[in-house]
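Okay, thanks for making time, everyone. Let me put the structure up, and then we'll walk through a few spots in it.

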Amino acid sequence: MALVTTAEVCDANPQLIVSGELRALQPIFQIYGRRQVFSGPVVTLKVFEDNVLIREFLEEKGNGRVLVVDGGGSLRCAILGGNPVVQAQNNGWSGIVVNGCIRDVDEINGCDIGVRALASHPMKANKKGIGEKHVPITIGGTRISDGEWLYADTDGILISRTELAV
């Protein structure tokens, strides 16, 4: 999504918005990481105050994908920290969107990857390995399915059923 902004995508595709094929997440996410603009096919994950599955995903090759994590909106601990984000950057993930908290913000802000999260929190998550992979999730008022496309910039986050020719 090199030079086309999310605002321009919305302006150019009113029919996709009306049909629900193009949706905007509610503006609840803070911007972290050096890559403010990122996009890619979505991989979904649903967890609650547990980061084991997040770490497992980010240890895989990202191939330009975006990990979208429904952390239940918990503000009681961080489910993503600096080490997994460094791994994600090195493994070729385009970005990570977390409906929950992160920590190690300075380290994450030094990484060449896009990260969105609700807030930062100093406490770490549980390590039980409980969660669901590749399931439909609802975050930011929007239902997101595995394999859809995410486009993010400083104006917001869009979800599209298909890759957009931008």
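One definition before we start: I call a residue buried when its relative accessible area is under 20%. And keep in mind that this is a predicted model.

So, Ser94. Where does it sit? Ser94 is in the loop that runs between helix H4 (82-90) and strand E6 (95-102). Is Ser94 buried or exposed? Its relative accessibility comes out at 6%, so Ser94 counts as buried. What does its side chain reach? That would be the backbone oxygen of Ser39, at 2.8 Å. If you skip the neighbours within four places in sequence, the contacts of Ser94 include Ser39 again, along with Arg35, Phe38, Gly64, Arg65 and Val66, plus Ile113 and Gly114.

Next up, helix H3, residues 52-59. The buried ones there are Leu53, Ile54, Phe57 and Leu58. Looking down the H3 axis, those buried residues fall within an arc of 135°, so they line one face of the helix.

Helix H1 (6-12) and strand E12 (156-160) are the elements that give two or more residues to its lining. The lining has 17 residues, and nearest the centre you find Leu25, Pro27, Asp155, Gly156 and Ile157. By class, that lining splits into 10 nonpolar, 4 polar and 3 charged residues.

That's my tour. Over to you.

Methods. Residues numbered from 1 in each chain as written. Predicted model: local features only at pLDDT ≥ 70, side-chain atom pairs only at ≥ 80, totals over all residues. Heavy atoms only, no water. 1 Å grid on protein atoms, 1.4 Å probe; cavity = no way out; pocket = protein on both sides within 12 Å on 5 of 7 lines; lining within 4 Å. Helix = DSSP H or I, 4+ residues; strand = E, 2+ residues; numbered from the N terminus. Nonpolar A, V, L, I, M, F, W, Y, C, P; charged D, E, K, R; others polar. Buried < 20%, exposed > 50% of the residue type's maximum accessible area, 1.4 Å probe, protein only. Polar contact = N/O pair within 3.5 Å; in protein donor to acceptor, adjacent residues only side chain to side chain. Contact = heavy atoms within 4.5 Å. Arc of directions from axis to C-beta.
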